[in-house]
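I opened the model today and kept notes as I went. Here is what I looked up, one topic at a time.

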Amino acid sequence: GGGQCYFIPNQSLKPNECQDLKGVSHPLNSVWKTKDCEECTCGQDAISCCNTAAIPTGYDTNKCQKILNKKTCTYTVVEKKDPGKTCDVTGWVL
Ligand SMILES: *[C@@H]1O[C@H](CO)[C@@H](O)[C@H](O)[C@H]1NC(C)=O
């Protein structure tokens, strides 16, 4: 666990408002989701964004790669050479 979060400094010039990296404004304390399966919050000094998709950890990284399905916000792990084959995953973290 632990949560994969990062912070974007407040770039807005207006009071009680945050501006994200795309220049979109969000009111203070509002929560929104991004296309990359992150949930962002407008706080007092910064925007914090946390990943909401569980990340696969235990798999053969030489042979396999993880792919994020942005519609369902889940990862699948498939073989690099043959993406039709899924790989065994022993652990997931959020
Ligand atoms: C972001 O910074 C501006 C300018 O300093 C400030 O007016 C505004 O209240 C800040 N936004 C938040 C959500 O704190």
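Before anything else, I needed a cut-off: a polar contact is a pair of N or O atoms within 3.5 Å. I also noted that this is a predicted model.

**Entry 1: the ligand**

I started with the backbone contacts. A polar backbone atom of Lys14 sits 3.4 Å from an oxygen atom of the ligand, so this pair falls within the 3.5 Å cut-off. For Asn16, I found a polar backbone atom 2.8 Å from a ligand oxygen. For Gln44, a backbone N or O atom is 2.3 Å from an oxygen atom of the ligand. Then I checked the cover: on its own the ligand has 360 Å² of accessible area, and the protein covers 70% of that.

Which residues are around the ligand? I wrote down Asn10, Ser12, Leu13, Lys14, Pro15, Asn16, Glu17, Cys18, Leu28, Cys42, Gly43 and Gln44. Sorted by type, this shell gives 5 nonpolar, 5 polar and 2 charged residues.

**Entry 2: two asparagines with positive phi**

Most residues other than glycine have a negative phi. Asn16 is not a glycine, yet its phi is positive, about 50°. I located Asn16 in the loop between strand 1 and strand 2 (17-19). Buried or exposed, I asked about Asn16? Its relative accessibility is 55%, so Asn16 counts as exposed, the cut-off for that being over 50%.

Asn29 does something along these lines too: it is no glycine and has a positive phi of about 70°. I found Asn29 in the loop between strand 3 (25-27) and strand 4. With a relative accessible area of 59%, Asn29 is exposed.

Next I traced an open sheet of 4 strands; the order is 1-6-5-4 and the pairing is antiparallel. Which strands stand at the edges? They are strand 1 (5-9) and strand 4 (31-33); each has a single partner strand, so one side of each has no neighbour in the sheet. From one strand to the next, the twist averages 25°.

I zoomed in on one pair. Strand 1 and strand 6 (residues 46-51) are joined by 5 bridges, in the antiparallel sense. One thing to click on here is Phe7, whose bridge partner in strand 6 is Ser48.

Still in strand 6, I picked out Asn51. Asn51 has 15% relative accessibility, so it counts as buried; the cut-off is under 20%. A polar atom of the Asn51 side chain lies 2.7 Å from the backbone oxygen of Ala53.

How many bridges join strand 8 to strand 9? I noted 6, between residues 64-69 and residues 74-79, with the two strands running antiparallel.

**Entry 3: Leu94**

Last, I went to the segment after strand 10 (92-93), where Leu94 is found. Leu94 has a relative accessible area of 42%, so I put it down as partly exposed. I also looked up how far Leu94 is from Gly23: they are 71 residues apart along the chain, and 28 Å separates their C-alpha atoms.

Terms used: Residues numbered from 1 in each chain as written. Predicted model: local features only at pLDDT ≥ 70, side-chain atom pairs only at ≥ 80, totals over all residues. Heavy atoms only, no water. Near = heavy atom within 4 Å. Polar contact = N/O pair within 3.5 Å; in protein donor to acceptor, adjacent residues only side chain to side chain. Areas by Shrake-Rupley, 256 points an atom, 1.4 Å probe, with all protein chains shown as cover. Nonpolar A, V, L, I, M, F, W, Y, C, P; charged D, E, K, R; others polar. Pairing = 2+ DSSP bridges. Axes fitted to C-alpha atoms, helices over the stretch in contact; angles between N-to-C directions. Buried < 20%, exposed > 50% of the residue type's maximum accessible area, 1.4 Å probe, protein only.
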